[in-house]
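Please consult the sequence and coordinates shown below while reading.

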Number of protein chains: 2
Amino acid sequence: MSIPITESITVIDTTLRDGLQIEDRVVPTALKVEIARALVDAGFRHLEIGSFVNPKKVPQMADTAELYRELGSLEDEGVTLYSLVFNAKGAQRAVDAGALQVKLVISASEGHSRSNSDSSIAQAGDRLLAAIQVLKANNVAFEVGTAVSFICPIDGPTPPQNLVSILEPLVAEGAAGVGVADTIGNANPRMVRTGTKAVQQAFPDMPITVHLHDTYNFGIANVVTTLEMGITRFDATLGGLGGCPFAPGAAGNIGSDDLIHLLHREGYSTGIDTEKLAGIRPTLTRAIGHPLSSKLSTIPAVPEPAPIGRASR
Amino acid sequence: MSIPITESITVIDTTLRDGLQIEDRVVPTALKVEIARALVDAGFRHLEIGSFVNPKKVPQMADTAELYRELGSLEDEGVTLYSLVFNAKGAQRAVDAGALQVKLVISASEGHSRSNSDSSIAQAGDRLLAAIQVLKANNVAFEVGTAVSFICPIDGPTPPQNLVSILEPLVAEGAAGVGVADTIGNANPRMVRTGTKAVQQAFPDMPITVHLHDTYNFGIANVVTTLEMGITRFDATLGGLGGCPFAPGAAGNIGSDDLIHLLHREGYSTGIDTEKLAGIRPTLTRAIGHPLSSKLSTIPAVPEPAPIGRASR
């Protein structure tokens with residue numbers, strides 16, 4: 001217990017994207033900018049700020065290009081801004097907005113693919129390949145990831161080999177990283193371990209980002225399971241905001257506050273100031289108009305213990 | 001993922017003891033009996049039903065002897081009833097009530113011991129030794145366990161060797177098992193692993209029960225961590241009821257509903273019918289007069305997925 005671990009974990013904040021995309025209230029751009037700047041001030045170096053999707057279908061993300069104009073200069077200070085892209089049109093919008101890197105996401109189950117994008121996995125994959133051509137022509141880096149990577153509310157458990165066969169042609173185009181997502185938060189640790197291991201083994205040189213939700217209290221357990229496998233990159237939202245509009249019963253993302261508390265307590269560094277992070281919660285709560293769901297957003301903070309040997313007696 | 005695991009995990013329901021002991025409302029004995037019988041009907045074979053403590057200080061537990069009269073016959077059907085005992089007087093009350101086995105609990109930190117029992121660990125240990133003499137003279141089996149086994153809200157992290165030195169003289173008296181408790185739910189997986197391992201190594205032939213709370217969303221992660229170490233016995237309360245009156249900020253126990261969901265999903269058997277278990281929640285909510293806190297008590301149930309290969313397409 002006293003062995004110091006100095007391994008650094010990257011927490012990618014996706015509050016402005018996955019957190020806000022199903023909120024009833026469309027948060028004003030200025031408030032999103034305020035939250036993003038506060039997150040950077042708290043130490044985040046990776047922010048997912050929006051999606052280049054149909055603004056009529058997802059009005060919450062309609063200002064993604066505007067966010068690049070407001071926040072783009074943060075990249076000069078070492079901050080990486082991500083946005084989601086699903087087709088060539090979205091890729092061109094990302095290019096036009098000045099994005100330096102994007103994430104491409106594809107469902108790993110036919111049922112989720114059809115309900116989410118009204119198309120088969122193959123059709124969605126073709127659209128991502130077309131998007132990649134636009135991105136490569138404009139020197140925009142891209143990561144590729146699967147939704148419902150472990151279990152789908154419609155099709156049930158996702159066979160791990162599906163993740164590999166879906167990601168392989170996209171990775172072959174020159175992806176900078178891969179991602180696996182438990183989009184509905186219904187995966188148990190054994191499922192997450194098996195699916196993530198298949199991706200690790202298929203793409204041993206790729207950085208892997210794990211994206212977890214917390215429908216059943218399995219979220220932090222899934223973090224610990226994947227940490228043990230050497231995963232060092234996690235998506236999270238402040239206060240556990242989020243859900244999935246096309247996955248009934250899905251709860252919010254894992255809370256970045258709970259995740260970072262866990263990571264620091266387990267001995268990992270994140271570069272994030274937890275007091276500053278907690279200080280952003282009131283702004284976010286004001287923006288969305290309802291309480292957050294992470295444990296640390298619902299209980300009074302208890303001071304962290306001193307290490308053994310320095311404990312008060 | 002397709003390898004079937006048939007290992008059986010024992011879940012000890014402590015709703016009537018740790019769940020109810022700090023509720024403002026004293027639940028009528030008849031309602032406790034109804035809940036206990038429903039738990040047995042759902043498949044539980046181990047119930048912790050009360051404490052033999054000062055009824056003026058803890059009126060919620062004043063009817064423990066009466067519960068033995070009402071529920072004692074369940075032991076003929078293979079159910080094990082536990083109660084907590086802290087001194088010779090309590091041990092004699094347990095003997096008189098017809099208890100066949102009890103649990104002896106001692107704080108693993110001086111700060112918690114003083115705030116919980118107004119005495120040092122050594123004084124509390126002497127009282128347990130006196131209790132053991134009464135129990136042994138009457139052929140009542142006993143298990144011994146530590147509170148604040150990993151971290152104390154007053155003293156900070158608990159050195160693992162303290163658990164061993166505190167438990168050793170009690171185990172030497174002929175204990176049937178040992179227990180470690182994260183009484184305030186503030187232990188992270190690394191702490192739980194280190195403390196539990198010290199106890200495993202010191203008492204390799206003893207069954208070990210792990211008792212977890214869920215203040216910071218670490219509860220289920222701590223279950224997974226200790227399952228990996230071979231732990232097969234867990235305390236839990238229905239809906240995550242509970243707390244600790246002498247530990248500020250402590251949240252409820254891990255919910256038996258969330259725990260059993262996790263165990264079944266991970267491939268373990270428990271013998272417990274989750275639908276019947278869910279059916280008991282309204283009775284418990286009525287008994288206490290407020291909502292429960294486990295995830296499954298706060299979200300609509302989502303049907304369990306079919307195994308891969310039998311998933312709907």
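## Helix 9 of chain B

The buried residues of helix 9 of chain B are B:Gly219, B:Ile220, B:Ala221, B:Asn222, B:Val223, B:Val224, B:Thr225, B:Thr226 and B:Leu227. This description, like the rest of the report, rests on a predicted model. The helix runs over residues 219–228, and because nine of its 10 residues are buried, it is largely enclosed by the rest of the structure. After helix 9 of chain B comes B:Gly230, a residue with a positive phi near 95°.

## Helix 4 of chain A

Helix 4 of chain A spans residues 88–97, and its buried residues are A:Gly90, A:Ala91, A:Ala94, A:Val95 and A:Ala97. Around the axis they cover an arc of only 165°, so they lie on the same side of helix 4 of chain A. On the face turned away from the buried side, helix 4 of chain A carries the exposed residues A:Lys89 and A:Asp96.

Which elements cover the buried residues of helix 4 of chain A? The cover includes helix 3 (64–71), strand 3 (80–85), strand 4 (101–107) and helix 6 (121–137) of chain A. The residue A:Gly98 follows helix 4 of chain A and has a positive phi, near 90°.

A:Ile280 belongs to helix 11 of chain A, which comprises residues 274–288. With a relative accessible area of 5%, A:Ile280 is buried, because the limit for that class is under 20%. Not counting residues up to four places away in sequence, A:Ile280 touches A:Ile35, A:Ala38, A:Leu39, A:Ala42 and A:Leu238. A:Gln60 is 220 residues from A:Ile280 along the chain, and the C-alpha atoms of the two are separated by 20 Å.

## Buried contacts in chain B

B:Thr15 is part of helix 1 of chain B, residues 15–19. Its relative accessible area is 1%, and B:Thr15 is therefore buried. When neighbours within four places in sequence are left aside, B:Thr15 is in contact with B:Leu20, B:Ala236, B:Thr237, B:Leu238, B:Leu241 and B:Leu284.

B:Ala108 occupies the loop between strand 4 (101–107) and helix 5 (110–117) of chain B. B:Ala91 is 17 residues from B:Ala108 in sequence, and the C-alpha to C-alpha distance between them is 21 Å.

B:Val148 is located in the loop between strand 5 and strand 6 (151–152) of chain B. The relative accessible area of B:Val148 is 0%, and the residue is buried.

B:Asn139 is a residue other than glycine whose phi is positive, near 55°. It sits in the loop between helix 6 (121–137) and strand 5 (141–147) of chain B. With 70% relative accessibility, B:Asn139 counts as exposed, whereas B:Val148 is buried.

## Chain A as a whole

Chain A contains 11 helices and 10 strands. Its radius of gyration is 19 Å, which agrees with the value near 20 Å that a compact globule of 313 residues would have. The C-alpha trace of chain A extends over about 65 × 40 × 35 Å along its principal axes.

Of the 313 residues in chain A, 60% are buried. Among contacts in chain A with a separation of 6 or more, 75% are made by residues 24 or more positions apart. The accessible surface of chain A amounts to about 11,800 Å², and carbon and sulfur atoms contribute 52% of that area.

Methods: Residues are numbered from 1 along each chain as its sequence is written. Chains are lettered from A and ligands numbered from 1 in the order in which they are written. This is a predicted model: local features need pLDDT of at least 70, side-chain atom pairs count only at pLDDT 80 or more; totals for chains, interfaces and linings use all residues. Side-chain values use heavy atoms; hydrogens and water are left out. Buried means under 20% relative accessible area, exposed over 50%, partly exposed in between (1.4 Å probe, protein chains only). Helices (H or I, at least four residues) and strands (E, at least two) are DSSP runs, numbered from the N terminus. The arc is that of the directions from the helix axis to the C-beta atoms. Contact means heavy atoms within 4.5 Å. The radius of gyration is taken over C-alpha atoms; the globule rule is 2.2 Å times the number of residues to the power 0.38. Accessible areas come from the Shrake-Rupley method with a 1.4 Å probe; for residues, only the protein chains shown count as cover.
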